[in-house]
Protein chains: 4
Amino acid sequence: MSSSFGINLKITVFGQSHSQAIGVVLDGLPAGEAVDLEETARFLRRRAPGRNEISTPRREADEVKVLSGLVNGLTCGAPLAAVIENTNVRSGDYAQIKTHPRPSHADYTAEVKYHGFQDVRGGGHFSGRLTAPLCFAGAVCLQILARRGITVGAHIFSIGREKDRPFDPVSADAAALGRIAQKPFPVLDDAAGERMREEILAAKRDLDSVGGVIECCALGVPPGIGDPIFDGLENRIAAAVFGIPAVRGIEFGAGFAAAAMRGSEHNDPFYYDGDRVKTATNHHGGALGGISSGMPVLFRAAFKPTPSIAREQRTVDLAAHADAPLSVRGRHDPCIVPRAVPCVEAAAAVALLDLML
Amino acid sequence: MSSSFGINLKITVFGQSHSQAIGVVLDGLPAGEAVDLEETARFLRRRAPGRNEISTPRREADEVKVLSGLVNGLTCGAPLAAVIENTNVRSGDYAQIKTHPRPSHADYTAEVKYHGFQDVRGGGHFSGRLTAPLCFAGAVCLQILARRGITVGAHIFSIGREKDRPFDPVSADAAALGRIAQKPFPVLDDAAGERMREEILAAKRDLDSVGGVIECCALGVPPGIGDPIFDGLENRIAAAVFGIPAVRGIEFGAGFAAAAMRGSEHNDPFYYDGDRVKTATNHHGGALGGISSGMPVLFRAAFKPTPSIAREQRTVDLAAHADAPLSVRGRHDPCIVPRAVPCVEAAAAVALLDLML
Amino acid sequence: MSSSFGINLKITVFGQSHSQAIGVVLDGLPAGEAVDLEETARFLRRRAPGRNEISTPRREADEVKVLSGLVNGLTCGAPLAAVIENTNVRSGDYAQIKTHPRPSHADYTAEVKYHGFQDVRGGGHFSGRLTAPLCFAGAVCLQILARRGITVGAHIFSIGREKDRPFDPVSADAAALGRIAQKPFPVLDDAAGERMREEILAAKRDLDSVGGVIECCALGVPPGIGDPIFDGLENRIAAAVFGIPAVRGIEFGAGFAAAAMRGSEHNDPFYYDGDRVKTATNHHGGALGGISSGMPVLFRAAFKPTPSIAREQRTVDLAAHADAPLSVRGRHDPCIVPRAVPCVEAAAAVALLDLML
Amino acid sequence: MSSSFGINLKITVFGQSHSQAIGVVLDGLPAGEAVDLEETARFLRRRAPGRNEISTPRREADEVKVLSGLVNGLTCGAPLAAVIENTNVRSGDYAQIKTHPRPSHADYTAEVKYHGFQDVRGGGHFSGRLTAPLCFAGAVCLQILARRGITVGAHIFSIGREKDRPFDPVSADAAALGRIAQKPFPVLDDAAGERMREEILAAKRDLDSVGGVIECCALGVPPGIGDPIFDGLENRIAAAVFGIPAVRGIEFGAGFAAAAMRGSEHNDPFYYDGDRVKTATNHHGGALGGISSGMPVLFRAAFKPTPSIAREQRTVDLAAHADAPLSVRGRHDPCIVPRAVPCVEAAAAVALLDLML
């Protein structure tokens with residue numbers, strides 16, 4: 001119970017920020033599926049650190065080595081195991097964590113849960129670094145989903161108070177999702193993107209950090225995917241997306257805004273588009289009763305500001321049993337959101353493929 | 001895969017709106033736990049329909065019959081099975097659903113998924129009625145949690161645009177939660193409650209419906225509960241809460257508001273309160289890295305407006321393969337939120353107890 | 001964790017020997033499958049007690065009431081819940097069990113596990129009576145399997161030292177399985193059956209009991225069913241079959257006899273029968289690497305003698321902390337094996353259908 | 001669904017005989033447990049090939065590299081991932097398998113299941129080589145169990161028709177189990193061991209192979225471990241043990257012999273040994289109702305003869321759609337049983353620890 005997800009497609013993520021390697025096992029992939037490792041590498045580069053002034057200078061090659069499950073580039077039905085070696089590790093930066101838990105991090109809760117035996121270096125198993133194997137797993141699933149006509153894409157919906165325009169909930173198209181995925185700063189409205197980058201840089205200048213929201217869309221999901229009550233699309237996608245550190249909320253379709261609506265406004269009228277049943281609007285976010293309707297599956301995930309900030313904070317000294325100041329050293333993103341975009345796509349892809357197998 | 005939840009405590013919800021009975025099996029309850037069936041009955045009455053002008057006139061006795069798992073009022077280690085007979089069923093009301101799927105309902109998606117074999121009467125397995133057995137399961141778990149020092153309570157946070165004041169994220173106390181649970185309209189601020197009721201009645205007068213938000217709080221959860229990555233408190237509570245029909249989003253602690261915050265603002269400073277480590281604020285909602293911190297576990301769930309409205313809507317006629325108007329008949333709540341309050345508590349209780357066993 | 005089985009088809013068995021009812025929920029059945037309740041009733045009658053001088057005089061109507069999941073005799077995609085009320089209960093017979101655990105029963109281990117809170121009446125949740133809901137679940141699965149061309153049948157392979165002749169491992173046919181299922185004493189060789197009945201009656205006359213072996217065969221299982229390593233046919237069938245009280249062993253194909261064979265003798269040569277690949281012999285019991293080969297799936301399960309015997313035995317008095325004699329009263333089968341035949345078929349059917357969904 | 005086992009302790013085995021590496025992830029280990037990697041290496045050497053004339057000459061260093069989950073030799077609560085690189089691979093030996101499935105191997109069933117995409121080299125994921133990571137997982141669990149007072153040991157019970165003497169079912173002791181584990185040919189009676197070795201060598205001289213039975217014993221399992229019906233000790237141990245290729249049967253306590261017994265003979269009388277309740281005999285094999293009794297947990301697993309034999313066999317040519325002769329080349333054990341002894345201990349240890357967490 002913990003770092004594993006899935007029913008028919010089980011993924012298990014392993015590793016700590018400073019362990020010898022991190023990785024993932026995918027158990028239950030259909031056989032005969034091509035996995036293009038250059039494509040998975042491109043996907044992972046979207047979350048890689050060290051690419052510009054808004055991300056941590058820690059650079060990781062993030063080179064994935066596939067240990068099993070692929071024969072001549074095709075899945076063979078056996079579990080696909082992949083590892084990424086941890087290089088460029090500066091463990092010394094984190095010596096203080098053991099006694100001085102960082103606010104808004106898992107340092108304190110892990111200390112309690114694991115009775116002090118947790119790996120504190122770099123946040124251990126709770127590090128954002130663990131989203132690299134998640135992204136690899138997602139990249140594999142995305143390739144398989146693509147062959148089933150499904151495209152998953154996400155963009156930065158907001159940073160701080162700056163907002164991108166939303167996906168068109170009814171007529172978002174796969175080509176547009178593809179174009180966003182290519183952008184170094186994935187937004188629909190590049191002017192809004194500029195304001196968001198400025199928001200991040202302002203936080204950085206203030207030795208501070210800032211949060212944001214990511215919107216994700218899955219196109220081409222056939223109607224009928226998802227199971228009732230506890231295994232609906234929402235339950236399963238939420239369970240996967242909360243696997244990304246820093247996620248504090250998730251909403252589907254109109255989401256929290258639906259709570260302020262009238263039924264006459266929120267209900268999406270059905271109509272025939274040729275032979276296909278569609279809805280004129282998409283407040284339901286592509287899921288009714290937990291089951292896909294054939295309309296775009298749409299959700300947003302809220303990310304808290306990066307908890308590691310250079311400003312002095314207040315915490316406790318667990319050794320001295322006393323309150324204590326804390327200045328977090330080390331290399332950290334002033335905003336995790338840009339790098340989290342492929343992570344959200346990956347989590348959605350894993351949850352979707354699991355439900356479809 | 002579907003109507004079952006849990007790892008060490010498994011619950012399986014069964015039944016359809018108009019089947020002979022609905023019910024739930026709880027497999028994995030510890031032995032020797034007292035289950036006060038008058039207390040569970042009181043809990044279920046909080047979600048019962050037909051109590052006033054803001055809920056559906058459908059009246060159900062909702063009398064729970066325990067079939068197994070209890071000996072002299074104590075759990076015996078064997079699965080606890082409980083059923084509620086469906087009485088007061090007017091199936092005729094729903095004849096039209098088969099061909100004319102109701103907007104924002106699962107009628108269409110169930111038709112596709114189950115190839116037309118789904119139980120259409122009253123929404124079948126997707127009916128809000130299925131939250132009655134969920135509430136029973138939750139009521140049992142709440143009694144067990146209470147003996148471990150944990151109190152779970154919820155209130156109506158908003159209806160439409162009207163808002164209650166929030167729980168005190170730091171110093172909410174169990175007695176206050178208990179008082180809210182006794183209120184027929186569970187809010188902290190009764191004046192706000194009056195405005196909310198008016199909002200519901202206005203929607204009803206307009207043959208319309210309205211959504212809302214429920215805030216839930218678990219006090220006394222010891223630090224260290226929850227597992228990393230995919231089985232954290234948030235993943236598990238979200239997976240349970242999305243099991244309640246009409247939920248469109250969930251957020252923990254500061255939630256979506258966290259996305260607009262700076263780290264210096266969002267981070268909750270640790271401090272010593274005597275021997276106990278606490279946080280001065282509680283933007284993290286009691287969970288860090290998926291693991292409880294000992295602070296109140298706080299989350300909000302957004303509910304869409306009841307999809308069944310008396311106003312004419314547009315839908316399709318699946319038999320005629322044509323667009324068609326629809327007037328939903330039958331008895332429906334203009335707002336599901338007041339009755340959903342115990343459902344949210346129940347879902348949280350089931351998820352929490354499962355993680356603690 | 002306990003009374004639930006299955007991955008895509010989950011069954012949860014509930015009830016105690018003397019609880020108000022016993023039952024089962026099947027979650028994950030495909031929609032649109034006909035369930036003939038007269039046929040399930042016929043199936044349950046094969047395990048019903050009280051039919052003749054070799055079974056317990058306890059008579060149970062074993063009338064199954066389906067509470068949900070069926071609409072007009074067809075599965076609707078929602079969980080199918082079924083209950084059997086416990087009638088004809090004589091709880092007084094079992095007062096002694098609490099302090100004097102019966103040898104070879106779960107009385108003592110349940111006392112330890114559940115700290116004395118277990119339901120002792122009639123063996124509680126550990127009673128053979130719980131195989132009635134298992135049989136109902138199996139009967140439903142068997143009907144679904146039959147429509148996929150799969151027939152499951154079992155016979156009494158041995159009672160004490162008396163043996164039936166084995167199924168033809170290569171060319172057993174569905175019609176023959178059907179004929180055995182109709183026999184009140186299901187054996188291939190009726191003369192052997194007579195000797196077995198005599199063995200049972202001899203044990204009964206001696207106030208004793210006797211064990212036996214059941215052989216089960218699944219015909220028509222297409223090649224390719226079963227997953228590698230931990231979810232193979234053998235793992236899954238074994239996990240289900242050990243769910244029947246009194247099972248002490250299971251073997252597939254040549255089973256324990258394979259251990260004494262040479263490879264040249266045990267290996268089953270492949271050959272073409274028209275377009276189909278078959279094996280000339282079937283020592284592998286229809287499963288290679290956990291995956292079905294298309295040959296009959298064949299296994300045997302060993303049952304211990306009924307532990308409840310009228311003869312005086314030695315046990316402990318847990319209240320007095322002293323050794324004590326015990327005379328088990330109550331109504332018991334001198335041999336459980338004849339009534340267990342449909343239980344084995346049921347367990348195999350549930351495991352097979354789960355693997356096929 | 002497939003290569004993963006466990007509920008609270010999940011293990012996932014990955015790799016193919018000739019993939020870059022094989023390995024295992026253990027998710028759910030308690031934190032703070034010492035893992036002595038020299039001890040795990042010693043354990044793995046017990047299954048290593050190439051040690052003498054009765055095992056395959058394929059030599060594998062079987063050096064385990066731990067990638068994550070350990071900090072300073074102690075588990076840290078995060079998944080423990082371990083890999084073994086595949087060296088000394090001669091893929092050319094196996095070119096014929098793709099078209100000519102080896103009798104009694106998974107070649108044909110994998111071909112059907114994976115539509116020809118399976119890894120055929122060396123048996124792929126179905127190779128006995130995959131028991132190396134299982135053994136590593138088991139070795140870790142054994143160390144943890146030992147600190148809880150539990151010793152698991154196994155011996156060769158029979159090879160062909162030659163038999164060792166059985167464990168003393170009542171008073172087997174941990175020291176004796178330890179001594180057997182040190183023997184290169186683990187039997188209780190060394191003279192019987194000599195006859196067994198001769199049996200193996202005779203089979204080898206005949207270009208043939210031979211099967212056998214392994215008996216396993218877990219001492220010190222406290223009473224109360226195991227869950228009713230589908231998660232009993234027998235269900236869970238069987239599900240794990242059938243994960244070892246070549247296992248064809250499993251029996252607990254008196255096992256199949258129980259089927260020929262009278263109840264008066266099979267029932268194990270309870271008695272007080274000081275404060276502890278014990279049984280005078282142990283036909284129940286330490287499990288009653290699926291729950292441990294405190295007596296030694298005893299089971300036997302039957303292994304078929306190694307299917308790969310040098311003698312010419314009959315099979316099919318899937319390319320030519322015709323029957324064809326087959327001579328299996330490559331390096332194979334004439335009897336897998338001696339090397340399987342630690343595998344059985346490992347499977348039992350994983351199942352036991354999972355049930356105890």
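Tutor: Let us begin with a term that we shall need throughout: two strands are said to pair if DSSP finds at least two bridges between them. Please keep in mind that this is a predicted model.

With that term in hand, look at chain D, where strand β2 (residues 10-14) and strand β3 (residues 21-27) run antiparallel and are joined by 5 bridges. One pair that you can find on the screen is F14(D), whose bridge partner in β3(D) is G23(D). These strands belong to an open sheet of 5 strands in chain D, with antiparallel pairing and the order β1-β2-β3-β7-β4. At the edges of this sheet stand β1 (4-5) and β4 (64-68) of chain D, each of which has a single partner strand, so one side of each is left without a neighbour in the sheet.

Further along chain D, strand β17 (residues 313-317) and strand β18 (residues 322-326) are also antiparallel, and 5 bridges join them. Here D317(D) stands opposite A322(D) in β18(D). The two strands, β17(D) and β18(D), form a hairpin with 4 residues between them, and in the turn H321(D) has a positive phi of about 50 degrees.

Now we can turn to the meeting of chain D with chain C, the part you asked about. Strand β11 (residues 247-252) of chain C pairs with strand β11 (residues 247-252) of chain D in the antiparallel sense, over 3 bridges. Among the residues involved is E251(C), whose bridge partner in β11(D) is G249(D).

The contact as a whole takes 101 residues from chain D and 101 residues from chain C. The size of an interface is often given as the accessible area lost when the parts come together. For chain D and chain C about 8200 Å² is buried between them, and 62% of it lies on carbon and sulfur atoms. Across this interface there are 42 residue pairs in polar contact, both residues at pLDDT 80 or more. On the side of chain D that touches chain C, the residues divide into 53 nonpolar, 30 polar and 18 charged. The rule also finds 8 salt bridges across the interface of chain D and chain C, including one in which the side chains of R262(D) and D206(C) meet at 2.9 Å, N to O.

Finally, for the outline of one chain, chain A has 8 helices and 18 strands, and its C-alpha atoms fill a box of roughly 70 × 50 × 35 Å along the principal axes.

Notes: Residues are numbered from 1 along each chain as its sequence is written. Chains are lettered from A and ligands numbered from 1 in the order in which they are written. Side-chain values use heavy atoms; hydrogens and water are left out. Contact means heavy atoms within 4.5 Å. Buried area is the accessible area (1.4 Å probe) that two parts lose on being put together, summed over both. A salt bridge is a side-chain nitrogen of Lys or Arg within 4 Å of a carboxyl oxygen of Asp or Glu. A polar contact is a pair of N or O atoms within 3.5 Å; within protein, one must be able to donate a hydrogen and the other to accept it, and residues adjacent in sequence count only if both atoms are side-chain atoms. Ala, Val, Leu, Ile, Met, Phe, Trp, Tyr, Cys and Pro count as nonpolar, Asp, Glu, Lys and Arg as charged, and the others, Gly among them, as polar.
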